[in-house]
Amino acid sequence: MADENNQVTETSEQSTTQPAENAPADGGQRRERGARGGRGGRDGGNRDNRGGRGRRDDRRGNRDEDQGEELIEKLVHINRVSKTVKGGKRFGFAALVVVGDGKGRVGFGHGKAREVPEAISKATAAAKKAMVRVPLREGRTLHHDGMGHFGAGRVYVRSAPQGTGIIAGGPMRAVFESLGVADVVTKSVGTSNPYNMIRATFEALTEQTSPKSVAQRRGKKIADLLRRGGSADADAQADAQLVTE
């Protein structure tokens, strides 16, 4: 009987002491897991937020690429300038860039920076903001002749028949290639400064008008404007149908 009583007491002591010994360990593990989970939750939340911002930025970039159109970028001129300071010289760069879509829109921009790539990127951004639309005949040449003047430079532009090509040099060729003109004859008189030549060329292009805009302004039909010296109405109507801008 004594042995049985001793066994009963030992088992009861074990049953009472084991949960007490295991309880703090389990509770500690749970608390540690909870703390780690909390830290992980906070870190995970930050990671999710960073990831969310990154994904939103990616979506915006893709949207801009999808909606944007391919642009033709032409580097016209790079000028290096230096400033003498105590201890040596500081060099800077100025870039002139022409940007166009090849479908009647073109712009130019000027950018300055300490490095050439940064100057080019600034000039490209400025050119994209200053793009203008120029009406083209049949999508390949100008509607009429024109003249542009800026500073000491004068620029003459003339429409040309199909197959003529771009007869222009220097900065003017970059403008017409970006604009999408395939046939044009130009002449530059006066200065050879690329900045003045570009500005004179844009002045000549902004003065271009199409028969469609003139007809709307005067309240007439395009065929009436294209009828020359008693020419046949059928020929005038055929020419009017070819005018898209």
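This briefing describes the strands, a helix, the charged pairs and selected single residues of one structure. The model is predicted, so local features need pLDDT of at least 70 and side-chain atom pairs count only at pLDDT 80 or more, while totals for chains, interfaces and linings use all residues. Residues are numbered from 1 along each chain as its sequence is written, and side-chain values use heavy atoms, with hydrogens and water left out. Helices (H or I, at least four residues) and strands (E, at least two) are DSSP runs, numbered from the N terminus.

**Strands and their pairing**

- An open sheet is formed by 4 strands in the order 1-2-3-4, with antiparallel pairing; two strands pair if DSSP finds at least two bridges between them.
- Strand 1 and strand 4 each have a single partner strand and stand at the edges, so one side of each is left without a neighbour in the sheet.
- Strand 1 and strand 2 (residues 88–100) run antiparallel and are joined by 13 bridges. Lysine 74 has valine 98, in strand 2, as its bridge partner.
- Strand 5 and strand 6 also run antiparallel, with 5 bridges between them. Here glycine 146 is partnered by valine 157 of strand 6.
- The hairpin of strand 5 and strand 6 has 2 residues between the strands, and glycine 151 takes a positive phi near 65° in this hairpin.
- Strand 6 is joined to strand 8 by 7 bridges, and the two run antiparallel. The bridge partner of tyrosine 156 in strand 8 is lysine 187.

**Helix 4**

- Helix 4 spans residues 194–206, which is 13 residues, and reaches 18 Å from its first C-alpha to its last. This is close to the 18 Å expected at 1.5 Å a residue, where the expected span is 1.5 Å times one less than the number of residues.
- The helix is mostly covered, with 10 of its 13 residues buried. Buried means under 20% relative accessible area, exposed means over 50%, and partly exposed lies in between (1.4 Å probe, protein chains only).
- Among the buried residues of helix 4 are Tyr195, Met197, Ile198, Phe202 and Leu205.
- At the start of helix 4, a side-chain oxygen of asparagine 193 comes to within 3.0 Å of the backbone nitrogen of tyrosine 195.

**Salt bridges**

- The whole structure holds 6 salt bridges, each being a side-chain nitrogen of Lys or Arg within 4 Å of a carboxyl oxygen of Asp or Glu.
- Glutamate 177 and lysine 74 meet in one of them, at 3.2 Å, N to O. This pair links distant parts of the chain, 103 residues apart: glutamate 177 is in helix 3 (residues 171–179) and lysine 74 is in strand 1 (residues 72–85).
- Glutamate 177 is partly exposed, at 29% relative accessible area, and lysine 74 is partly exposed at 28%. Lys74, Arg173 and Glu177 are linked in a network of salt bridges.
- Aspartate 183 and arginine 140 form a salt bridge at 3.1 Å, N to O. Aspartate 183 lies in the loop between helix 3 and strand 8 (184–190) and arginine 140 in the loop between strand 4 and strand 5, so the pair ties together parts that are 43 residues apart in sequence.
- Aspartate 183 is buried, with a relative accessible area of 4%, and arginine 140 is buried at 13%.
- Aspartate 145 pairs with arginine 158 in a salt bridge whose closest N and O atoms are 3.4 Å apart. Aspartate 145 is in the loop between strand 4 and strand 5, and arginine 158 is in strand 6 (residues 153–159), 13 residues apart.
- Aspartate 145 is partly exposed, with a relative accessible area of 41%.

**Loop residues**

- Histidine 143 is found in the loop between strand 4 (132–133) and strand 5 (146–150). Its relative accessibility is 14%, so histidine 143 counts as buried.
- The side chain of histidine 143 reaches the backbone oxygen of leucine 136 at 3.3 Å.
- Glycine 170 lies in the loop between strand 7 (166–167) and helix 3 and is exposed, with a relative accessible area of 56%.
- From C-alpha to C-alpha, glycine 170 and isoleucine 198 are 9.7 Å apart in space, and they are 28 residues apart in sequence.

Technical notes. A polar contact is a pair of N or O atoms within 3.5 Å; within protein, one must be able to donate a hydrogen and the other to accept it, and residues adjacent in sequence count only if both atoms are side-chain atoms.
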